[in-house]
Amino acid sequence: YRASLYVPQESIEAYKVAEYWNKFNILNNNTKIYIDGIYYQITSSTEVKVVSPNNYGEYSGDVVIPETITINDKTYRVTSIDEYAFSQNGLLTSITIPKSIKYIGEDAFNTAYNLKYIYCYAIEPPTIESGTFSNEYVYLYVPIESMDAYKNAPHWDRLQFINKYFVDGICYGVISTTEADVSGCLEEDYNYSGHIIIPETVVIE
């Protein structure tokens, strides 16, 4: 068994002939690594980014990006989503973005027309580009304490903010750090019957 060593493309041949280094399985840093349905590339000694699959359309359904992955017994933190990573994946319906993500590239979700839900757990809004999301009719869930930050962050305000919670049989959509709106919930959640009393305040944990 030989451990894999990821090095710059221009240095591969030098490593392969160098004493001791040539005992490793020398790979290009740009090599795509496939783990649990998602493709990654190593960007540093501790970090990786999510990248596009080998064939467009491979991502579908509900995709959950982990905060960390393990490659050859070494743990890497997932810190970015590359440009075009989920582009042209028309069967993608939701994406869960971990709190470790700091940047999402241009056209990362271009033409992912069936993407309906984005669950982003980053406390600080990741930096995104003007064309990161091509579909503006996407529901975005973010931490309650970060909602105002997302609304004021560049380009995030193009999406549809909604954090929904059910309390005592009523669905509330959190619209700021101090306010909730019953009308903020999705239409499919309206299955009310009988006499409904909406309180003046509600506690959401």
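Predicted model: local features only at pLDDT ≥ 70, side-chain atom pairs only at ≥ 80, totals over all residues.
Contact, in what follows, means heavy atoms within 4.5 Å. Residues are numbered from 1 along each chain as its sequence is written, and side-chain values use heavy atoms, with hydrogens and water left out.

T79 has a relative accessible area of 10%, so T79 is buried, where buried means under 20% relative accessible area, exposed over 50%, and partly exposed in between, with a 1.4 Å probe and protein chains only.

Now to the nonpolar core, by which I mean a set of buried Ala, Val, Leu, Ile, Met, Phe, Trp, Tyr and Cys residues joined through side-chain atoms within 4.5 Å. In soluble globular proteins, nonpolar side chains tend to be buried together. The largest such core here has 44 residues, and the members that touch the most other members are I81, F86 and W156. Several elements each supply at least two residues of this core, among them β3 (33-35), β5 (47-50), β8 and α2 (147-152), while β4 gives the most, with 4 residues. If we again leave out residues up to four places away in sequence, W156 touches I104, C120, P125, P126, I128, F133, L140, Y150 and F161.

Two of those neighbours, L140 and F161, bring us to the sheet, because L140 stands opposite F161 in β14. Strand β13, residues 139-141, pairs with β14 in the parallel sense over 2 bridges, and two strands count as paired if DSSP finds at least two bridges between them. The open sheet has 5 strands in the order β6-β9-β11-β13-β14, with parallel pairing. At its edges stand β6 and β14 (160-161), each with a single partner strand, so one side of each is left without a neighbour in the sheet.

Next, the charged residues. Side chains of opposite charge can pair when their charged atoms come close, and a salt bridge here is a side-chain nitrogen of Lys or Arg within 4 Å of a carboxyl oxygen of Asp or Glu. How many salt bridges does a search of the whole structure find? It finds 2. In one, D82 pairs with K49, the closest N and O atoms being 3.6 Å apart; D82 is in the loop between β8 and β9 and K49 in strand β5, 33 residues apart. In the other, E67 pairs with R77, at 3.1 Å between the closest N and O atoms. E67 counts as partly exposed at 27% relative accessibility, and R77 likewise counts as partly exposed, at 34%.

Finally, the aromatic residues: rings of Phe, Tyr and Trp (its six-membered ring) pair if their centres lie within 6.5 Å, and planes under 30 degrees apart count as stacked, over 60 as edge-to-face and the rest as tilted. The structure holds 13 aromatic pairs. W21 and F24 have ring centres 5.9 Å apart and planes at 35°, so this pair is tilted.
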